[in-house]
Amino acid sequence: MKRLSIVTTNRIEIADITALIRQAIRDSGVLRGICTIYVPHTTSAITINENSDPAVKEDLTNILNKVVPADNKYLHTEGNSDAHIKASLIGASQTILVENGKPVLGTWQSIFFCEFDGPRTRSVLVKIISEK
Amino acid sequence: MKRLSIVTTNRIEIADITALIRQAIRDSGVLRGICTIYVPHTTSAITINENSDPAVKEDLTNILNKVVPADNKYLHTEGNSDAHIKASLIGASQTILVENGKPVLGTWQSIFFCEFDGPRTRSVLVKIISEK
Amino acid sequence: MKRLSIVTTNRIEIADITALIRQAIRDSGVLRGICTIYVPHTTSAITINENSDPAVKEDLTNILNKVVPADNKYLHTEGNSDAHIKASLIGASQTILVENGKPVLGTWQSIFFCEFDGPRTRSVLVKIISEK
């Protein structure tokens, strides 16, 4: 298991971690298999989407803020209930495929770490399982 | 594969199944690998979030009910279309990491089984894959 | 890794790919393990839900269009920002369990490929990992 460290500087931040995942797969020596990317935090998530236009991340953030407003009347009184809900909507992990020692990603796909209650220093855990 | 049985008592219920998953991993004898938790039902889901304050679960339920109201005009006439949609938004499975024969969870993370059309008796399926 | 080809004919389309996944698992020769189904596209997703009544897919589409309207004011100017966001809400992959060389699905469960910016010809990637 590899542990990556991610530092965020805003309350909501969607950070491209594709290069880190690519390196973790290379370091594992696994040529063919799957790679599970997991956040051990309750206000964070992993998603895969387009990164060539950064506006996509902003649009995603804006819709999430519309659907799950930060200033709604929540029962949880720590002021980050929206962040917990956003985390469950996006999901705590993603599993991708590995071939030839590399992640199998589409042309426009990047892997994103999402923090919904930053700024924080967070971990992303990576486990690569070989096909045989 | 291990099959867990979960009994719910409300229409919407978010139940902590962390102890059951911990036991399933221990029983498997796998020390390092991944664990996929899967619901074979179309109105259920698995999510990972905070459990120390039960209000987080209530806030999640309230937002899901706002976004996907039970009494919307749906084409599906069985009265549980909202439950199917909530299940797809949260997702039928989660994959977590296993180290030292234990699930790798953050300090505040618990694993939740979500039922959106209960009360029902449901199954949760667990498969642990060893790293080598 | 197996690559399936999916042709869609509408902007939003939710297509049942259960038979294709069943065949991919059979072809792999794996009897027990897990199967990760992955879309290498940023406007597509995989979900598992009910297929016996096609209205469930329509209700899901209608709610997604309400929450993430196609004609919202988006920063991304390619006209498909809603499709990217819908893809992140549903998720780029699903992992299911394999027993006796078959996918373990509930009575009412089907595996769906979702396209939110079609019509297009798309790929679905399938990797089966054996339990030992």
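1. In chain C of this predicted model, strand 3 (residues 33-38) and strand 5 (residues 93-99) run antiparallel and are joined by six bridges. Strands are DSSP runs of E of at least two residues, helices are runs of H or I of at least four, and both are numbered from the N terminus. Two strands count as paired if DSSP finds at least two bridges between them. Within this pair, Ile34(C) lies opposite Leu97(C) of strand 5.

2. Both strands belong to an open, antiparallel sheet of five strands in chain C, with the order 1-8-3-5-6. Strand 1 (2-7) and strand 6 (102-103) of chain C are at the edges with a single partner strand each, so one side of each has no neighbour in the sheet.

3. Between chain C and chain B, the contact (heavy atoms within 4.5 Å) involves 34 residues of chain C and 29 residues of chain B. The two chains bury about 2500 Å², 59% of it on carbon and sulfur atoms; buried area is the accessible area (1.4 Å probe) lost by two parts on being put together, summed over both. On the side of chain C, the most area is lost to chain B by Asp59(C), Ile63(C) and Leu97(C), together 23% of what that side buries.

4. Two salt bridges are counted between chain C and chain B, a salt bridge being a side-chain nitrogen of Lys or Arg within 4 Å of a carboxyl oxygen of Asp or Glu. One salt bridge links the side chains of Lys127(B) and Glu99(C) (2.3 Å, N to O). Helix 2 of chain C gives the largest share of the side that touches chain B, ten residues.

5. Towards chain A, 29 residues of chain C are in contact with 34 residues of chain A.

6. On confidence, the model scores ipTM 0.97 and pTM 0.98. Local features need pLDDT of at least 70 and side-chain atom pairs count only at pLDDT 80 or more, whereas totals for chains, interfaces and linings use all residues. Residues are numbered from 1 along each chain as its sequence is written, chains are lettered from A in the order in which they are written, and side-chain values use heavy atoms, without hydrogens and water.
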